[in-house]
Structures are given as structure tokens and as C-alpha cells.
Amino acid sequence: MPGWSLAMIVRNEEPLIPGVLGDAALFCDELVVVDTGSSDGTKAVAARHGARVFDFHWVDDFAAARNFAFDQCTRQWVIWLDADDRIPPEAVRGFVHLKRQLQDQPGPLAVEIPYRVSFSKNDPSNCTFSCDRRRVVRADAGFRWVGAVHEDIRPPHAQSLRWPLAWVEHRPPSGRADRKHERNLRILERLVSSGDHSSRTLFYYGNELRDVGRLQEAIAAYREFLQTANSMGWERYFALLNMAACAEGLGYEDEKFDLLVAAMRTDSTRAEAFVRLGVHYYRREEWQKAIPFFSAAASALRPLRGFVYEADYSSAPWDFLSICHSKLGMYQEALQDTDRALASSDDRVRLLANARYY
């Protein structure tokens, strides 16, 4: 049937679900909500907002639940969202435009949409960390979710369209992140203990161990990931980058530096490793050694694959460069760097003060 279905899996989301269903209803023709065991009024609220509600017995497997949700959808295209996601008005217009585009030219089988995950404390509208997700798929293409946690749809990239005119924002209530890490880590530990040492499981296992502060174990998981045959591309880059952060947290400065160099060599087109290598020298007040790394980061183009620390492709390299140049008495260069940083930074008070000083 023509149109779009929304597919959601939820549990105890009574306060949040009206917002996301209200956003999706602006461009979706069907709202499908799969409840995995709520003890609050989630199902009743979802039904009042026009959703078709189904029950799914939770088996510690997000892919299984999402596949069940997809199976209940009846429209030509399916978009998935979580209860703590929101779509601001400008992004809604982007989805409406995409819907028209797919109706007129139904060539791609999946559409990748930016997922804005973290935001600045100074400016809650300023995204600091994002990644593209396969957000909209053709229902009849037969795509399935994989992964018990940090699940994903993996169609070939040749079948995907990237659509930056729309985006989804992750807006969880405070305190939720800790509970999610505990749940995700429990699932991943069960997978690893049962013999699942696939590259995907090891990569996300390392990430969750890092996030809860188990840094030595995280490094071990990343090392095992790097030894797998599939440890390629942006995931390998971020494993090295995350290992460097763990090493720094443990006080292993030499190991941190070596891991950052390895990340830089893995992908010299990305900015994150260059920024962190620059910071390595910046903290030692070795300004001339820091400048080439920040300059390399400033010239990097924002990638279309994998995780993205947004400031590393906008204000951060120029901000660091301005201070390095000023410490060397190069005030004209520092002023020019500050002007570039101001174009995308939300720390305008400090930067304007620096500009007046230079």
C-alpha cells in the first residue's frame, strides 16, 4: 500500500511517546507501536494518539523486536524511531520533501538520515556528535535488522540514498543514559560469554565498557576487535580513537599517543585523530608542534560514514590554532583563526573576548 509506516518498539515510555508520535504523524500514514512489556500507560497513550499497538515478549534482542515491528507495517515505506527521539519542524519539512521524492522517483531501497545524538550545554540546538542511520526503507525489499543490541539494517550502500535535508534528534530525559549502558552491557556480556566474538559485538562491547569506566577491559575488547578480519573502515578508526581515550584515562600517555598515530594512519581524511594529537602537544605548551595537527584537522571534510564529532570539523581546530598562534606572538593569524571559529562555535563570549585581545 502506498505511504509511510512508523515502526517503534517501546517500554514504559508514557511521558515521551506523545511527542514522537505527534512528530511522525505529520508525514506518516500509519503508526505502529510494539510494546515489549510496559507497566505504565504507554500502550493506552499510544493508542489514543492513533497508533496500532502490538505486544512482543522481550528476549534481550533489539533486532528481533524491530523485525517484529517491521512485520506489522502495511505501507510501502517504513521509518523507525525511538520514544526519546524528536523531529523538529524544519526536519519534518525535510521528511515531507523526501516522501514526495520517493513517490516520484522510487529508485533507492533505503535512505540514510543524520541522527543528532548529543548537543552542546551552551546551546541545546547545537549538535556535537552525530552519525547517519538507515532510517527509511522499502518494506518490500526484505531488509532485516541484525544485532541483539546497537542493532542496524545493513543494505548495500549502492541501494541507499543519503538525505541531509531531514534529521532525527535524540532527546532522552536526564539519567536515562546510565540505565541504557547497564542494559546494553548486560546483553553484550551475555553474547561474549556465549562465544560471540564477531567484530560487531566486540566493537560495541568495547564502547559500552569504556562508557561505564571499565577502561582496561575496554582496551582488551578493542584489541580483540582489531584482530578480526572485519575490523575495517570507520569502526577500526574509532576503535583506535577510543582505545587512546581509555589509555589516557589510565595515565598511559605514550600508548595514547601511539594509538592516535595509528588512527591517523588508518584514515588521514578524518579530523578527530589530528585534533587529539594537536591537543597532546597543546597541553605541553609545545605550540609549534601542535599547529600542524590542528591545521590538518581544519582542512578535513566532514565524512559521510560513521560517527562524527561535529566540532572537530568546524570550530575546534580553528579555536586551538588561534591560541597556539597567539602564544607564539602571531596575533594576526590568531585573529583570523578566531574569526573562523566564531562561524560555528557556541562559545562566542570567550572567542569575542579573545578577538578583542588579539
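**A loop, a core and some helices**

Tutor: Let's start with Thr36, which sits in the loop between β2 (30-35) and α2 (42-48). Helices (H or I, at least four residues) and strands (E, at least two) are DSSP runs, numbered from the N terminus. This is a predicted model, where local features need pLDDT of at least 70, side-chain atom pairs count only at pLDDT 80 or more, and totals for chains, interfaces and linings use all residues. Residues are numbered from 1 along each chain as its sequence is written, and side-chain values use heavy atoms, with hydrogens and water left out.

Student: Is Thr36 buried or exposed?

Tutor: Thr36 counts as buried, at 9% relative accessibility. Buried means under 20% relative accessible area, exposed over 50%, and partly exposed in between (1.4 Å probe, protein chains only).

Student: What does Thr36 touch, leaving out residues up to four places away in sequence?

Tutor: Val10, Arg11, Phe56, Trp58 and Ala65. Contact here means heavy atoms within 4.5 Å.

Student: How far apart are Thr36 and Lys121?

Tutor: They are 33 Å apart in space, C-alpha to C-alpha, and 85 residues apart in sequence.

Student: OK, on to the core. Which residues touch the most other members of the largest nonpolar core?

Tutor: Trp4, Met8 and Phe95, out of 106 residues in that core. Helix α8 (residues 233-249) gives the largest share of this core, nine residues. A nonpolar core is a set of buried Ala, Val, Leu, Ile, Met, Phe, Trp, Tyr and Cys residues joined through side-chain atoms within 4.5 Å. In soluble globular proteins, nonpolar side chains tend to be buried together.

Student: And what is Trp4 in contact with, beyond four places in sequence?

Tutor: Its partners include Phe27, Trp77, Ile79, Phe95 and Val136, and charged ones are on the list too, among them Asp29, Glu30 and Arg75.

Student: Back to α8. How do α6 and α8 pack?

Tutor: Helix α6 (residues 199-211) packs on α8 at an angle of about 25°, with the axes 11 Å apart. Axes are lines fitted to C-alpha atoms, for helices over the stretch in contact, and angles run from 0 to 180 degrees between N-to-C directions. The two are therefore roughly parallel. Angles under 35 degrees count as roughly parallel, over 145 as roughly antiparallel, 65 to 115 as roughly perpendicular and the rest as oblique.

Student: Which residues make that contact?

Tutor: Phe203, Tyr204, Asn207 and Arg210 come from α6, and Trp234, Glu235, Phe238, Ala239, Asn242 and Cys246 from α8. They divide into six nonpolar, two polar and two charged. Ala, Val, Leu, Ile, Met, Phe, Trp, Tyr, Cys and Pro count as nonpolar, Asp, Glu, Lys and Arg as charged, and the others, Gly among them, as polar.

Student: What about α7 against α8?

Tutor: Helix α7 (residues 215-226) and α8 pack at about 155°, with axes 9 Å apart. That makes α7 roughly antiparallel to α8. The residues of this contact divide into 11 nonpolar, two polar and three charged.

Student: New topic: what's the phi of Asn12?

Tutor: About 55°, a positive value although Asn12 is not a glycine. Most residues other than glycine have a negative phi. Asn12 lies in the loop between β1 (4-10) and α1 (17-24), and is partly exposed, with a relative accessible area of 32%.

Student: And where does His150 lie?

Tutor: In the loop between β8 (145-146) and β9 (152-153).
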